[in-house]
Each structure stands twice: as structure tokens, then as C-alpha cells.
Amino acid sequence: MNFYDRYVMPCLIDGCCGMPAVQKQRARLLPRAKGRVLEIGIGTGRNLPFYDPAKLASLEGLDPAGQMNAKAMQRAKKAGIEVQIVTLSAETIPADDASYDTVVCTFTLCTIPDPIKALHEMRRVLKPAGQMLFCEHGLAPDAGVSKWQHRLTPWWKPIAGGCHLNRDVPSMLEAGGFRATEIESSYLKGPKPLVWVTRGVAVPA
């Protein structure tokens with residue numbers, strides 16, 4: 001791992017993921033997590049302050065970027081939440097079928113090398129009556145914006161840890177075996193190619 005990936009990129013991602021507009025999305029979604037919870041792409045733990053500890057039976061996090069774990073553990077301690085973090089990508093989740101009541105995936109599908117395979121894994125470990133809470137940026141519906149997303153993605157990926165600006169979130173959820181029961185999309189404040197965000201709740205299809 002080079003200097004940029006170890007030290008610079010985590011700070012960049014943490015800063016972008018901590019923007020006020022992004023934090024508002026987290027605050028609207030995360031209090032709904034309950035039971036045994038698995039967070040995909042826990043990163044530096046930006047979601048942790050927004051969980052309701054009274055609703056959690058347990059919280060586990062999955063993220064291949066081990067250099068971000070220390071910050072996540074600091075935020076967990078500050079939030080008064082116990083979390084167990086496994087340093088793996090979501091294409092292979094080390095858990096039995098139907099293990100979790102809630103799967104959380106926020107600003108993560110953009111970076112997973114094989115997001116459809118990862119979504120199938122999330123569906124596998126989610127209980128039949130469980131819920132997936134998601135909030136992801138992705139492909140915008142406006143032709144002018146999406147054109148720039150396709151142009152910028154090859155340049156953006158190495159800067160932002162493999163982040164794709166042009167992934168179609170609703171289509172990926174469907175292909176991954178989920179059905180959205182609630183879904184809302186809008187531009188957040190910021191450069192349009194980066195801030196088309198889709199948030200909602202999905203269940204196994």
C-alpha cells in the first residue's frame with residue numbers, strides 16, 4: 001500500500017463522507033437499524049453516531065480498508081456502541097444464511113469491485129423478514145450530468161479508492177435480489193456528478 005492509499009485517501013474519503021448534506025442522509029436512515037446489524041463498508045465509522053443503541057442486539061462492520069478501522073473504533077467508543085470489524089470485501093461475507101435483521105450499506109456500492117455479487121451476499125445473510133437500509137450516490141437521470149459521470153469515473157476511481165460515479169443504484173439492487181419498499185432520490189448540495197443520491201429501504205425479493 002502506497003503513502004496516498006494509507007494516509008491521504010482515508011482523510012479525503014472521511015472528509016467527503018462527513019459533509020453536512022451527507023450526514024443529514026445518515027441521520028434520516030440509521031436510527032431505523034435494529035436487531036443484529038451488519039454494516040457493509042463501515043470505513044471510518046461515519047454512521048456510528050446515528051445508530052440507536054437501544055435497538056441494537058449487535059453491530060458488525062465489514063470493510064477491506066483496514067487503515068480506516070482505528071477511526072471507526074474511536075467513533076464507536078464516542079457513540080457508546082460496541083462494534084466488531086472484519087477486514088474483508090463484501091463479495092464474501094463470513095456469516096451463515098439469514099444471520100442479520102438489518103444490513104446497512106451507505107456510500108459503499110460505488111467502490112465494491114463486484115457490487116452485484118456483494119448484494120447477493122447481503123441478501124443471503126439477511127433474514128427473510130429483515131431490512132436493508134441503503135444510501136448511495138450514483139448515476140444521475142439527467143443526460144448532461146450522467147455524460148460527465150461516465151467521463152470522470154476513470155479519473156475519479158484512483159483518487160477516491162475505486163469509487164464509480166456512474167453506477168445505477170436501483171438497477172443494482174434489483175439485480176442483487178432486493179426489492180425497494182421505500183426509495184427517494186435527489187441531488188445533494190455539491191457538484192452534480194458527485195451528488196445524485198438514492199436512499200431507502202429494501203427487502204429480499
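Among contacts in the chain between residues at least 6 apart in sequence, what share joins residues at least 24 apart? The share is 69%, where contact means heavy atoms within 4.5 Å.

## Basis of the model

This is a predicted model, in which local features need pLDDT of at least 70, side-chain atom pairs count only at pLDDT 80 or more, and totals for chains, interfaces and linings use all residues. Residues are numbered from 1 along each chain as its sequence is written, and side-chain values use heavy atoms, with hydrogens and water left out.

## The chain as a whole

The secondary structure comes to 6 helices and 7 strands. Helices (H or I, at least four residues) and strands (E, at least two) are DSSP runs, numbered from the N terminus. Along the sequence their order is α-α-β-β-α-β-β-α-β-α-α-β-β.

Along the principal axes, the C-alpha atoms fill a box of roughly 45 × 40 × 30 Å.

## Surface and interior

Of the 205 residues, 49% are buried. Buried means under 20% relative accessible area, exposed over 50%, and partly exposed in between (1.4 Å probe, protein chains only). The chain exposes about 9800 Å², and carbon and sulfur atoms supply 58% of that area. Accessible areas come from the Shrake-Rupley method with a 1.4 Å probe; for residues, only the protein chains shown count as cover.

Val8 is found in helix H1 (residues 3-17). Val8 is partly exposed because its relative accessible area is 35%.

## Helix H2

Helix H2 spans residues 20-29, and its buried residues are Val22, Gln23, Gln25, Arg26 and Leu29. They cover an arc of only 155° around the axis, so they lie on the same side of H2. The arc is that of the directions from the helix axis to the C-beta atoms. An α-helix has 3.6 residues a turn, so residues three or four places apart point the same way. On the other side of H2, Pro20 and Lys24 are exposed.

The cover over the buried residues of H2 includes H1, strand E4 (100-106), strand E5 (126-137) and strand E7 (196-204). Gln23, which lies in H2, is buried because its relative accessible area is 17%. Leaving aside neighbours within four places in sequence, Gln23 is in contact with Cys17, Gly18, Arg46 and Phe50.
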